[in-house]
Amino acid sequence: MIDPTTPSQVPTLEEIQNFKGKYPKQLWYLFLVEMWERFCFYGMRGVLTIFMADKLLGLALSDKDANLKYGAIQAFVYAFTFIGGIFADKILGFKKSLLFGATVMILGNLIIAFSPQDFFYLGITLSIIGTGFFKPNISSMVGELYREGDSRRDAGFGLFYSGINIGALLGGAVCVYLGTSPDYGWSYAFLSAAVVMVIGLVTFIFTKKSLGPIGDSPLLHIEPKKRTVQEIAVYVGSLISIPLIFIMIKNTDYTDYFMYTIGPLAVLYFLFETFKEKDLRAQKKLIAAFIFILFSIVFWAFFEQSGGSLALFAKDNLHHNLLFFEINPNIVNNTSNSLFVIVFSPIVGLIWLAMAKKKIEPNTVMKFGIGFLFLAGAFYVFYYTRFFADVQGVTSLNVFTLAYLVITFGELCLSPIGLSIMTKLSPKRLSGMMMGMWFLASAYGQYAAGLLGAGMSSPDENASLLTKLQGYTEGYYQLAIYALIAGVLLIVVSPLIKRLMQEVK
């Protein structure tokens, strides 16, 4: 492919990191690439459960099975980011990993679009592998645009996070609209995800030389022939895993075995790398990062009800009126969080800056704890929707949307900071692995989200909407209590974690 950047224009790492102003230009390129990938990812995420539960044109699964399969699919997506992060660190480098991942994602979406009912599991398997190679590496490249200790890093990740949410907003609205519209259908939803991923891939190809050495293979020092053999082995090994993932998604019992295995292995690998690290200060930082990772599992297990139980709740138990508009509740379910992030992220950023000037800004651990308190409040509002229901068990979309406003403030306290803190606390040689660990924690959160959602689902497929309303809202009440406990615990232990983080803010 033609690249408009000539070799003489390739910048050095020092030139990239010595940028003037608030953001390096490379951040805008990565912003655009990530925006289109997030359109693809969140568009797919928004339609997965309702497609699988669609009795006519989907997979006709029960609500319980749709929740379990949703959790399994999302868990594999994030588990593969851990594997993809390691291969990028050790063999491919971030650039080649991203190119391979994007290509496989496009192929997966095109296969589903061709015949959603017949080829869903094959296509989603390819999407899982592709996302695993794409997702952790672009975040790691954003981290490398900044020198250690550069105060502009958080602002950069904040902008990058806006790109994630613009993509999520567009994908969430477009894919749900196309998939549920009688004029289009599920094939168009999956096709749109493939098309925008092509746009993201082309954008990266035309801008990747501006990244200079960032994302290059870590094996540039060895003989090219040996390097090529190792790279091909990674690609072939990934494709060989297709039948295994295919089987585990179709039968969620196998997913259980996988999740019981990959987690302990990942922890052992983390401990091996941590104790191999000779610098005691670096060891302490890695332990602090691991504590953040553990708490993030709980956060995502609750937060990711949005793609599972909340999607089914929106499909069956909500009126179609939001303020003065008539709208599909699942479009609201799939886009309101992203819209609120885009609107309120700059405001929250200004609040943190104002508090910093007065020297009262909470530290990162406290922000995590506050995030859990907002999460608890949001699920209490989801529970409170039961008091606005009519006799059929259909309730207020306005109250439901208010809960998403509350949950957004919780996310803004945790997720953008989480990406940044992983890069701050990780030694450079382990940045891909630690970003992968962060996403592996999300895998366990997604997996737990599916189990929690299945537990809230009525075992009777013919249950009334009122029975479904009571089951889901009672579950949300329990989640509110657990989130409150986690938030208080984090705030109490924050001084200990802060000592482990040392100079990292």
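User: How much space lies in the second largest pocket?

Analyst: That pocket holds about 420 Å³. The model is a predicted one.

User: What lines the second largest pocket, and which residues lie nearest its centre?

Analyst: The lining is made of 21 residues, and those nearest the centre are Ile50, Asp54, Thr180, Trp186 and Lys315. Two or more lining residues come from each of H2, helix H6 (153-180), helix H12 (309-317) and helix H13 (329-357).

User: How is the lining of the second largest pocket divided by class?

Analyst: The lining has 8 nonpolar, 7 polar and 6 charged residues.

User: How many cavities of 30 Å³ or more does a search of the whole structure find?

Analyst: The search finds 2. The second largest cavity has a volume of about 130 Å³. Its lining has 14 residues, with Phe41, Met44, Val77, Ser127 and Thr131 closest to the centre.

User: Why is that space called a cavity, while the other is called a pocket?

Analyst: In a cavity a 1.4 Å probe fits but cannot get out, whereas a pocket is an open set of points, so the two words are kept apart.

User: Which elements give two or more residues to the lining of the second largest cavity?

Analyst: They are H2, helix H3 (63-92), helix H4 (94-114) and helix H5 (116-144). The largest share, 5 residues, comes from H2. By class, the cavity lining has 9 nonpolar, 4 polar and 1 charged residues.

User: What is the largest nonpolar core made of, and which residues have the most contacts inside it?

Analyst: The core has 160 residues, and those with the most contacts inside it are Met52, Phe120, Met434 and Tyr476. Helix H2 (residues 25-53) gives the largest share of the core, 17 residues. Nonpolar side chains in soluble globular proteins tend to be buried together.

User: Which residues surround phenylalanine 120, not counting those up to four places away in sequence?

Analyst: Phenylalanine 120 touches Leu48, Phe51, Met52, Leu59, Ile73, Ile112, Ser115 and Phe190.

User: How do you know whether alanine 88 is buried or exposed?

Analyst: Alanine 88 lies in helix H3. The cut-off for buried is under 20%; alanine 88 is at 3%, so it counts as buried. Beyond four places in sequence, it touches Gly93, Phe94, Ser97, Asn137 and Pro218.

User: What about alanine 443: is it buried or exposed?

Analyst: Alanine 443, in helix H16 (residues 431-456), has a relative accessible area of 0% and is therefore buried. Leaving aside neighbours within four places in sequence, alanine 443 is in contact with Ala75, Tyr78, Ala79 and Met259.

User: Where are alanine 60 and lysine 359 found?

Analyst: Alanine 60 is in the loop between H2 and H3. Lysine 359 is in the loop between H13 and helix H14 (364-384). Alanine 60 has a positive phi of about 60 degrees although it is not a glycine, and lysine 359 also has a positive phi of about 60 degrees without being a glycine.

User: How do you know that the radius of gyration agrees with a compact globule?

Analyst: For 505 residues a compact globule would have a radius near 23 Å, and the protein chain has 22 Å, so the two agree. The C-alpha trace spans about 70 × 55 × 40 Å along its principal axes.

User: What share of the residues of the protein chain counts as buried?

Analyst: Of the 505 residues, 59% count as buried. The secondary structure comes to 17 helices and 2 strands. Among contacts with a separation of 6 or more, 83% join residues 24 or more positions apart.

Note on methods: Residues numbered from 1 in each chain as written. Predicted model: local features only at pLDDT ≥ 70, side-chain atom pairs only at ≥ 80, totals over all residues. Heavy atoms only, no water. Core = buried A, V, L, I, M, F, W, Y, C linked by side-chain atoms within 4.5 Å. Buried < 20%, exposed > 50% of the residue type's maximum accessible area, 1.4 Å probe, protein only. Helix = DSSP H or I, 4+ residues; strand = E, 2+ residues; numbered from the N terminus. Contact = heavy atoms within 4.5 Å. 1 Å grid on protein atoms, 1.4 Å probe; cavity = no way out; pocket = protein on both sides within 12 Å on 5 of 7 lines; lining within 4 Å. Points joined across faces, edges and corners; volume = space filled by probe spheres on them. Nonpolar A, V, L, I, M, F, W, Y, C, P; charged D, E, K, R; others polar. Rg over C-alpha atoms; globule rule 2.2 N^0.38 Å.
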